[in-house]
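Take a walk through this protein with the model open beside you.

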Amino acid sequence: MSTIETGANVRLANHPIARTKAVAVSPLAQGSLIISIDSLATVLLPSEKGRRCDACHTIPTSLRKCSGCASFYYCDTSCQSMHWKTFHKRMCKHFNRYTTSSSFQALAAHEKMDALLLSHLAVLVPSQEVREEGSSALAVFMSLLPGSVEVATPPICTNGSPPSPETLRFLFSRFGNNNFAMHSHFNTFGHGIFPLGSRLFNHSCLPNAAAKYIISPSHPPKMHVVALRNIDPGEEICLTYVDPALLQSRQQIFELTYGFKCRCSSCIFVEGLGHIPELPSDPDGVARVVRKLREFVPASSHELFSKTKKLPDELLCIFHESFLSRISETFSNASHDGPYDLALDVGETMLQIYQLIYPENYPQIGLHLLEMAKTGWNQVVSTGSSNVDRPRKYVKQARQILLIIGAEGDDGGPLKEIQTLEDLLNTQ
Ligand SMILES: C[S@@+](CC[C@H](N)C(=O)[O-])C[C@H]1O[C@@H](n2cnc3c(N)ncnc32)[C@H](O)[C@@H]1O
């Protein structure tokens, strides 16, 4: 544990169940960068191949194709040579035979991603031995906890001298509960191994930090972990491993994939609710629930889970996962094609639920506020109204929240959209 370099803001402390936890060394201000973490290996989703550089993952105006395999693309010679030296020279000649092999083709889409990532990791392993000491990214990866269930090791792309089957099994057993989906503007574009991120951060459904991905030409991607709120010295810093909105299914995911039972205040609260009914099917019943929810404001996840505010029985159904998916669908359809009144009404209900289930400043709340602002603007345009108070209110709140996590991935994105919308609103 002492050999792991954790940076200036974080130290590792013992955890009774999770082995260790990351704790803040000094006060960390909301929006501050807690730690910047190098990737060990990353691969693009098939849909992003040929669009992004396979080394740095930026989207350049043109890409150069590897003349050997014609399956890898780079923004320039510096990315190509960086990727060649680290990974590709040991894979290039065999890559097409590997991806067209029946054993690779038989894999499901997510298994193919794992197999490609494992192939990249395997070329980094220097010998048949498994080394767990030292502070290199590979040594940190070797020191990770294994997942709770053993999954058959997928075939890898090999140059003829692969690590032993035991070493491959050892590496692969750390995949399911440790690797990350990399995103740009909150949309996944690839999968990556960021060993220090895995070694440091435990899960909470009410995280005080979030990971974002930094991509820049000629550099391997990095993970930045940012404080979502002020964090006190000694406080554990957590990320969320799954969307906290998966209120019923998340506990099963933790147990099956990660091998733990989440005991955060949100999970204890949901467990204490007992049987959660579905939303009434009749429109009057739905209207009653929505009215009751409106009266429940202002309540936050913090007030609810710390039991400062009691949930009325009529609102139990809002903690049924199906409620949020039902109203999200209505919102998404109506916010694009109208009726905008309906979209804004349903969107308010969604916002309230987000505030009850997500922690303060969670990016999903900011993204939803931006969608509400755009819907409000569509309504102004479609009715010819000159009153822009509503979209102005939402866009301001969206900016406040999304500025905390800041820009991630490609240029543009939600912060740019906010600026464009604010410019439009200022012309009114
Ligand atoms: C990415 S690692 C987190 C770092 C880990 N604590 C370590 O010492 O390497 C994920 C593993 O940590 C443990 N873990 C993470 N969050 C937990 C939590 N909230 N409660 C219990 N165990 C947790 C589980 O074993 C999980 O598979």
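The largest nonpolar core holds 108 residues. Such a core is a set of buried Ala, Val, Leu, Ile, Met, Phe, Trp, Tyr and Cys residues joined through C-beta atoms within 7 Å. Buried means that 20 or more other C-beta atoms lie within 10 Å of a residue's own; exposed means 12 or fewer, and partly exposed is in between, with C-beta atoms placed from the backbone. I34, A209, I237, A373 and A398 touch the most other members. Helix α13 (residues 340-357) gives the most to this core, nine residues. Helices (H or I, at least four residues) and strands (E, at least two) are DSSP runs, numbered from the N terminus. Domain 1 (10-239) and domain 2 (275-426) each provide at least three residues of the core.

This is a predicted model: local features need pLDDT of at least 70, side-chain atom pairs count only at pLDDT 80 or more, and totals for chains, interfaces and linings use all residues. Residues are numbered from 1 along each chain as its sequence is written.

Now look at A373. Leaving out residues up to four places away in sequence, A373 touches P391, Y394, V395, A398 and L421. Contact means C-beta atoms, placed from the backbone, within 7 Å.

Next, the domains. Their bounds come from an automatic or database domain assignment. The C-alpha centres of domain 1 and domain 2 are 33 Å apart. How many residues of domain 1 are in contact with domain 2? There are 16, and they meet 16 residues of domain 2. On the domain 1 side, β10 (209-216) supplies the largest share, four residues. That side has nine nonpolar, five polar and two charged residues. Here Ala, Val, Leu, Ile, Met, Phe, Trp, Tyr, Cys and Pro count as nonpolar, Asp, Glu, Lys and Arg as charged, and the others, Gly among them, as polar.

Turn to helix α9 (residues 265-272). Its buried residues are S266, C267 and V270. Just after α9, G274 takes a positive phi of about 70 degrees.

Key: Two residues are in contact if their C-beta atoms, placed from the backbone, lie within 7 Å.
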